[in-house]
Number of protein chains: 2
Amino acid sequence: MVRQAPRDAQTRKADTLAMLAAPEIDVWVATASTDGEAHLVPVSLAWVDERVVIAVPTSSVTTSNLTVSGRARLAVGPSRDVVMIDAVLERTVGVDEDDALGAAYAAQSDWDPRGDSDYVFLVLRPVRLQAWREANEIKGRTLMRDGSWVV
Amino acid sequence: MVRQAPRDAQTRKADTLAMLAAPEIDVWVATASTDGEAHLVPVSLAWVDERVVIAVPTSSVTTSNLTVSGRARLAVGPSRDVVMIDAVLERTVGVDEDDALGAAYAAQSDWDPRGDSDYVFLVLRPVRLQAWREANEIKGRTLMRDGSWVV
């Protein structure tokens with residue numbers, strides 16, 4: 001059931017950037033193992049220099065899958081106001097290795113992994129980004145393609 | 001930041017069953033291809049006879065991945081009140097093949113795929129189910145293991 005008129009591309013981009021920069025926002029991170037098993041976890045995100053930054057245990061399935069495959073599919077927002085992102089792993093950073101990154105993460109997130117050597121930052125670069133609310137927004141949902149904004 | 005006291009196991013189970021039976025509820029469906037690429041989509045669900053039933057295009061990546069691997073990881077609810085389900089594909093049903101299933105899906109969901117031969121029902125059997133809100137509910141989050149409720 002569609003409840004609202006579709007947003008135009010500029011509005012979707014503005015809403016997307018506002019959502020990604022919101023405090024205490026979470027992201028669903030889907031990754032796959034080499035033998036075809038999907039993993040999915042919700043974690044806090046920071047949006048830093050147009051990258052999705054997450055902090056996860058070094059020993060987690062998410063870290064392992066991303067280190068091997070280099071790819072993840074991300075979802076931010078509720079299922080009827082979603083930002084879907086196909087991303088690649090740009091770099092893996094120890095939680096105390098990059099002061100600016102750690103500070104940016106702690107400022108946006110509601111927790112601070114710095115000082116906990118069990119955790120690592122994964123910096124994910126969006127390659128494709130789509131945003132839609134209801135079925136009437138499926139058309140025009142692609143806002144970024146091949147790593148570049150198309151709006 | 002933890003905002004609430006942890007729920008006991010029975011409360012989590014009751015909350016989980018209420019969430020799964022709620023009208024117009026969505027599920028995040030994570031699947032993987034054989035070459036280790038994760039897919040993730042939000043779709044409507046119906047909770048029928050302790051199975052998660054979704055309706056997806058026959059030609060979709062989700063259908064293809066599930067047909068090959070037989071496995072999916074599902075998330076219902078927002079990221080801080082989540083039900084995470086590891087599920088296996090029990091059966092694939094044409095949208096007009098099983099009257100009871102189609103009626104149950106249409107009754108809970110806010111759309112009705114019946115009559116659209118591009119769609120198929122995938123009936124997913126939960127194997128492991130976990131439910132938690134905040135960090136203080138990580139302990140005790142497993143409510144179903146090996147397909148059986150443990151609470």
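The buried residues of H3(B) pack against helix H1 (9-20), S2, strand S3 (46-48), strand S4 (51-57), S6 and strand S7 (119-132) of chain B, where contact means heavy atoms within 4.5 Å and helices (H or I, at least four residues) and strands (E, at least two) are DSSP runs numbered from the N terminus. The model is predicted, so that local features need pLDDT of at least 70 and side-chain atom pairs count only at pLDDT 80 or more, while totals for chains, interfaces and linings use all residues. Residues are numbered from 1 along each chain as its sequence is written, chains are lettered from A and ligands numbered from 1 in the order in which they are written, and side-chain values use heavy atoms, with hydrogens and water left out.

**Helix H3 of chain B**

- Helix H3 spans residues 99-108 of chain B, and its buried residues are Leu101(B), Gly102(B), Tyr105(B), Ala106(B) and Gln108(B); buried means under 20% relative accessible area, exposed over 50% and partly exposed in between (1.4 Å probe, protein chains only).
- The N-terminal end of H3(B) is capped by Asp98(B), with a side-chain oxygen 3.2 Å from the backbone nitrogen of Ala100(B).

**Interface of chains A and B**

- In chain B, 32 residues are in contact with 32 residues of chain A.
- The two chains bury about 2500 Å² between them, 52% of it on carbon and sulfur atoms; buried area is the accessible area (1.4 Å probe) that two parts lose on being put together, summed over both.
- Trp28(B), Leu40(B) and Arg80(B) supply 24% of the area that chain B buries against chain A, more than any other three residues.
- Six salt bridges are found across the interface, a salt bridge being a side-chain nitrogen of Lys or Arg within 4 Å of a carboxyl oxygen of Asp or Glu.
- Arg71(B) and Glu37(A) form a salt bridge through their side chains (2.9 Å, N to O).
- On the side of chain B that touches chain A, strands S1 (26-32), S2 (38-44), S5 (71-76) and S6 (82-94) of chain B each supply at least two residues.
- S2(B) provides the largest share of that side, six residues.
- The residues of that side divide into 14 nonpolar, nine polar and nine charged; Ala, Val, Leu, Ile, Met, Phe, Trp, Tyr, Cys and Pro count as nonpolar, Asp, Glu, Lys and Arg as charged, and the others, Gly among them, as polar.

**Symmetry**

- Chain B is superposed on chain A by a rotation of 180° with 0.0 Å of shift along its axis (RMSD 0.0 Å), by least squares on the C-alpha atoms of residues with pLDDT of at least 70 in both.
- The two copies are thus related as by a two-fold rotation axis.
- Of the interface residues of chain B, 100% are also interface residues in chain A, so the copies meet through the same surface.

**Individual residues**

- Asn65(B), in helix H2 (residues 61-69) of chain B, is buried at a relative accessible area of 7%.
- Beyond residues up to four places away in sequence, Asn65(B) touches Thr31(B), Ala32(B), Ser33(B), His39(B) and Gly70(B).
- Val120(A) is placed in strand S7 (residues 119-132) of chain A and is buried, with 8% relative accessibility.
- The C-alpha atoms of Val120(A) and Gln130(A), 10 residues apart in sequence, are 27 Å apart in space.
- Thr34(B) lies in the loop between S1 and S2 of chain B and is exposed, at 63% relative accessibility.
- Residues up to four places away in sequence aside, Thr34(B) touches Thr34(A) and Val68(B).

Conventions: A polar contact is a pair of N or O atoms within 3.5 Å; within protein, one must be able to donate a hydrogen and the other to accept it, and residues adjacent in sequence count only if both atoms are side-chain atoms.
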